[in-house]
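Student: I am new to this structure. Please show it to me, and then let us go through it in questions and answers.

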Protein chains: 2
Amino acid sequence: MAGATAPLLGLEKKSLREQALSALRTAITSGELEPGRHLVETELSDMLQISRGTLREALRQLEQEGLLSAGPRGRLSVRHLDGKEIRDIFAVRAALESLAVRTLCELPDRASVITSLCSAVDAMAAAAEASLEERIESDLEFHRTLCRLTGNETLLHSWESLEGSIRMSIMFAGIERAVKNMSVDRHHDIVAAIETGNATLARTTVLEHMDVAAANLVA
Amino acid sequence: MAGATAPLLGLEKKSLREQALSALRTAITSGELEPGRHLVETELSDMLQISRGTLREALRQLEQEGLLSAGPRGRLSVRHLDGKEIRDIFAVRAALESLAVRTLCELPDRASVITSLCSAVDAMAAAAEASLEERIESDLEFHRTLCRLTGNETLLHSWESLEGSIRMSIMFAGIERAVKNMSVDRHHDIVAAIETGNATLARTTVLEHMDVAAANLVA
DNA sequence: AACACACGAACTGTAAACAGTTGACCACTG
DNA sequence: CAGTGGTCAACTGTTTACAGTTCGTGTGTT
């Protein structure tokens, strides 16, 4: 997804490392691996049916994504988030997304951008009655799209580096609380603000959205 | 540096992986490994005197830091930056540091923060006549301190993830150009803005600083 | 009963070997 | 001479084995 090879054919053969990465990410952000839990390399490599070397590469990546925290002797454990950290994460997220909308506002032709964003909002609306997980996915997809459309690869990459932490925040706070932030209207406001081209307005809208989201999560 | 073990004693025994990481980072950001160059694992592991397994862990991290880009079949090469990417990187950096100063402005007791920042500026002043490399270091140290003092670990981590890219930008543009941004006055302005507690002013000061910096680099 | 020491299990750090795939070079053929 | 098929070397993905370190545990002594 990051700097991936173009899948010329629909077939995309993922390496074992990537499979392990996805599996672990899911396990952590779903709470299957509870926060604070100590991870034993041999245990995991047995569980995932891969060798330790391969596993360690994946663990390094998760560590950098902030899903794991390193203990005294290189011992890894699932990161534990408290309220302050969640607020911190959302503050950084707000800064990034605020840059995103500002950039989008300054774009010469916003028409195609608006179109893409609208379809993302529509996807959210369509998922409104779906499972909680799917609603979260469509919400994150909207915000990721916000970053992607800027064409700023660094911005997108930074946001994606934060995505794991965001998911952990949601998991930690409980999905029910998180879904309160998924209002379609609220997201439509963001798109509308971008459409006007008023960077200040767009920025304010995003910052408020994030403030509310963080407040809902830690409340 | 990131989530490192507390070095209870001054002695910090770095693992081979961390040593390799530093060595590679230095080699890349110094231009010793020129942009676009293909990296061969066996070659590097020979050069660094470490095994491939250990090396690969370090490479994953560098990849995530944006210093390496992945080619067709997992082949890594040193990332090549163009003008747009440099501007993009500095836009993200600006967003992060702007959050930093805003946070610092809202801090209850800014006195100790100001003290720390002043000593960082003093360090820059002291290095004003030193080598170009040292001036760059003290400059980056100042900005890193900005993020660290907020107490927002996520912010600091995000900034550090970007640090490699920032160094590459500097290298790519040529150190001589980069040093133009190192004016002590300019940094003192930032500290002064924080001292007033005026978040808007502080933010503006940082954004301008970054704009100028990016402009100098790609000019 | 408390302390000291030694043994042992559990893990991480590191190295070396194996397997599979791709791309290039070269000979052979129409 | 162009095109084709095949062999070979280079690299990455992955696994297995080994070394070193730390922490707990149990035993023996005072």
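Tutor: Start with a definition: two strands pair if DSSP finds at least two bridges between them. Helices (H or I, at least four residues) and strands (E, at least two) are DSSP runs, numbered from the N terminus. This is a predicted model, where local features need pLDDT of at least 70, side-chain atom pairs count only at pLDDT 80 or more, and totals for chains, interfaces and linings use all residues. Residues are numbered from 1 along each chain as its sequence is written, chains are lettered from A and ligands numbered from 1 in the order in which they are written, and side-chain values use heavy atoms, with hydrogens and water left out.

Student: Over how many bridges do E2(B) and strand E3 of chain B pair?

Tutor: Strands of a sheet pair through backbone hydrogen bonds, either parallel or antiparallel. E2(B) and E3(B), residues 76-78, pair in the antiparallel sense. The number of bridges between E2(B) and E3(B) is three.

Student: Which residue is the bridge partner of B:Leu68?

Tutor: Look in E3(B) for the partner. The residue bridged to B:Leu68 is B:Val78.

Student: Which strands are the edge strands in chain B?

Tutor: The open sheet of chain B has three strands, in the order E1-E3-E2, with antiparallel pairing. An edge strand here pairs on one side only. The edge strands of chain B are E1 (38-39) and E2 (68-70).

Student: Why is one side of E1 and of E2 in chain A left without a neighbour in the sheet?

Tutor: Chain A has an open, antiparallel sheet of three strands, ordered E1-E3-E2. E1 (38-39) and E2 (68-70) of chain A stand at the edges, so one side of each has no neighbour in the sheet: each has a single partner strand.

Student: Now the two chains. How much area do chain B and chain A bury between them?

Tutor: Contact means heavy atoms within 4.5 Å, and the contact takes 32 residues from chain B and 32 residues from chain A. Buried area is the accessible area (1.4 Å probe) that two parts lose on being put together, summed over both. Carbon and sulfur atoms carry 47% of the buried area, which is about 2,600 Å².

Student: How many salt bridges does the rule find across the interface?

Tutor: A salt bridge is a side-chain nitrogen of Lys or Arg within 4 Å of a carboxyl oxygen of Asp or Glu. One salt bridge joins the side chains of B:Glu57 and A:Arg56 (2.8 Å, N to O). Across the interface of chain B and chain A, the count is four.

Student: Which element gives the largest share of the side of chain B that touches chain A?

Tutor: Helices H3 (52-64), H4 (83-105) and H7 (153-173) of chain B each give two or more residues to that side. The largest share is nine residues, and it comes from H4(B).

Student: On to the DNA. What is the distance from the side chain of B:Arg73 to a base nitrogen of DNA strand C?

Tutor: A residue is near a strand if one of its heavy atoms lies within 4 Å of it. There are 16 residues around DNA strand C, and B:Arg73 is among those that come nearest. From an N or O atom in the side chain of B:Arg73 to a base nitrogen of DNA strand C is 2.9 Å.

Student: Which atom of DNA strand C is 2.9 Å from an N or O atom in the side chain of A:Arg56?

Tutor: Another arginine, A:Arg52, has a side-chain N or O atom 3.1 Å from a base nitrogen of DNA strand C. For A:Arg56, the atom at 2.9 Å is a phosphate oxygen.

Student: Which element supplies the largest share of the surface near DNA strand D?

Tutor: DNA strand D is surrounded by 18 residues. A polar side-chain atom of B:Arg56 lies 2.8 Å from a phosphate oxygen of DNA strand D. The largest share of the surface, three residues, comes from H3(B).

Key
A polar contact is a pair of N or O atoms within 3.5 Å; within protein, one must be able to donate a hydrogen and the other to accept it, and residues adjacent in sequence count only if both atoms are side-chain atoms.
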